Amino acid sequence: MAALIGAAVGVFLLAPSYDYISSRENNADPISSLEYVFTQIREIATGHINQNSLLLFYAEIGAMLGLLSLGFYKLLHRRLSYLESLKAELDKDLPSIIRQGEGPLLEFKSSIRWDLQEERINRNLETVIMKTVAGFFNSHIGGTLLIGVRDDGEIIGLEKDYQTLKRPNQDGFEQTLMTAISTNLGADLCPFIHILFHVIDNKDVCRVIISPAMRPVFLTQGNTPKFFVRTGGGTRDLNIQEALEYVARRWKTPITINPA
């Protein structure tokens, strides 16, 4: 439709305009530009085209302009929709979010490195975080991950995690998290992550807002790429058939799978 509209603009506006300019340059009978253009449009519409060898050219130019305009509109619309959804998420009150409990759009994790049960550093916890992030990336609308909060909504804070970092503060925590995402899921996904820190009951909570990715996101475990999605209040990996069907529905285009 955009191409057809553009082609019509090229034929009924650009071509007559060009002819008018040419006629003025050749000192033809000077009539008003609007009168000339309408005369040309009437002749084109009735099929009386006088030596207009550039008509097809202007139709092609108009079609290309129409497609470019459509592409720009879609890009702008997607960007504005993304900003609106991000603003809506940022406007939410964090304690109210926690009281809602976990769900398809919200996940709680106690820590990223410190095992609260075994009282030691546990690198596997980072993988658990990456599964959740990958699941939100692969969803249609993304989601929010809160780190420093138990599954039941109790605020744990990030102090134990801070102690495991070279830079034991919010900056060090954010850098560690972004490095893990870049390394395990892909550096191109970092712009789809927004990290905020909140203080609740004198304890830090990390709020990770994950926007939908523009491509399928895989997490490699034991040399095997796995595809994770959100189901209800949890994250699970799909088998090959399920993953292919999900990818076809989610992105709706043929995709070359390049595991991170």
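Mentor: Ser110, Ser111, Trp114, Leu116, Ile156, Gly157, Leu158, Lys160 and Asp161 line the largest cavity. A cavity here is a set of points on a 1 Å grid over the protein atoms alone where a 1.4 Å probe fits but cannot get out, and lining residues have an atom within 4 Å of a point. Mind that this is a predicted model, where local features need pLDDT of at least 70, side-chain atom pairs count only at pLDDT 80 or more, and totals for chains, interfaces and linings use all residues. Residues are numbered from 1 along each chain as its sequence is written, and side-chain values use heavy atoms, with hydrogens and water left out.

Trainee: How much space lies in the largest cavity?

Mentor: About 30 Å³, counted as the space filled by probe spheres set on the points, which are joined across faces, edges and corners.

Trainee: OK, on to H8. Which residues are buried there?

Mentor: Ala243, Tyr246, Val247, Arg250 and Trp251; buried means under 20% relative accessible area and exposed over 50%, with a 1.4 Å probe and protein chains only. They cover an arc of only 100 degrees around the axis, so they sit on the same side of H8.

Trainee: And which are exposed on the other side?

Mentor: Gln241, Leu244 and Arg249.

Trainee: What caps the N-terminal end of H8?

Mentor: Asn239 does, with a side-chain oxygen 3.2 Å from the backbone nitrogen of Gln241.

Trainee: What follows H8?

Mentor: Lys252, with a positive phi near 60 degrees.

Terms used
Helices (H or I, at least four residues) and strands (E, at least two) are DSSP runs, numbered from the N terminus. The arc is that of the directions from the helix axis to the C-beta atoms. A polar contact is a pair of N or O atoms within 3.5 Å; within protein, one must be able to donate a hydrogen and the other to accept it, and residues adjacent in sequence count only if both atoms are side-chain atoms. On a 1 Å grid over the protein atoms alone, a cavity is a set of points where a 1.4 Å probe fits but cannot get out, and a pocket is an open set with protein on both sides within 12 Å along at least five of seven lines; lining residues have an atom within 4 Å of a point.
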